[in-house]
Amino acid sequence: MSNYDDIKKECYEANLLLPEYKLIDQTFGNVSVADPERGVFAIKPSGVDYSVMKADDMVVVNFEGKIIEGSLRPSSDTPTHCRLFQAFEGIRSVVHTHSRNAVAFAQAGRGIPFFVTTQAEYFRYELPVTRPMTAGEIQSAYELETANVIVERFKNLDPMQVCAVLVYSHGPFVWGPNGKRAVENALALEIVAEMALKTIELNPQVQPISSPLLDKHFLRKHGSGSYYGQG
């Protein structure tokens, strides 16, 4: 038995949703799940095939990046996850995917505009893209600097209202209050990215939806007076 069986199990189950939802190819992508009170998180081991992966394979790391438990090497993106847990108080899970439509926007260096109310069910504002990383950032602590450009991009954004970002020329990082919800947010990101690409193809001059309509759809689900669902 491990003292971290709970977060390892949650992390394992969330990681298995990535291929199920077709958010990754091959062994790309990873999910982490944190226990903020103990200052640790579980994360997928690097390069392990999802079809053979087990809950016990999840690696437990502290918020400084030190391995606490596990015999496998953690995801190469572990420093990115560390920094996001440190910077964004209130998140418990981080997801990184290479989902194809979201990556298309990242490759283009373009955020995902608000064309559809579906987007407002999950995100308050346009989905942002980071600036390009400098050669120095890439050549030094690349994965840590990846997180730093995300944190920089969120200087004037609330990560609890915009729970996703596109890293320029790389792909999406998404987060949430638990593993399942974070993956759901990643799936929502991919869906709205696909719809946005099709919308731009059909009408290159399309304009974003109005702020009142955006706010209505976001706040009816997430505001203090929310009335969506059975909660």
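Helices (H or I, at least four residues) and strands (E, at least two) are DSSP runs, numbered from the N terminus, and two strands pair if DSSP finds at least two bridges between them. The model described here is predicted: local features need pLDDT of at least 70 and side-chain atom pairs count only at pLDDT 80 or more, whereas totals for chains, interfaces and linings use all residues. Residues are numbered from 1 along each chain as its sequence is written, and side-chain values use heavy atoms, with hydrogens and water left out.

In strand β7, Val174 stands opposite Ala164. The pairing of β6 with β7 is antiparallel and runs over four bridges. Both strands belong to an open, antiparallel sheet of seven strands in the order β4-β3-β2-β1-β5-β7-β6. Because β4 and β6 stand at the edges, each with a single partner strand, one side of each is left without a neighbour in the sheet.

Helix α7 packs on this sheet, in contact (heavy atoms within 4.5 Å) with β1, β5, β6 and β7. The direction of α7 makes about 140° with that of β7; axes are lines fitted to C-alpha atoms, for helices over the stretch in contact, and angles run from 0 to 180 degrees between N-to-C directions.

Two further helices, α2 and α6, pack at an angle of about 35°, with their axes 7 Å apart. The residues that meet are listed below.

| Helix | Span | Residues in the contact |
|---|---|---|
| α2 | residues 78-87 | Pro79, Thr80, Arg83, Leu84, Ala87 |
| α6 | residues 142-153 | Glu143, Leu144, Thr146, Ala147, Asn148, Ile150, Val151 |
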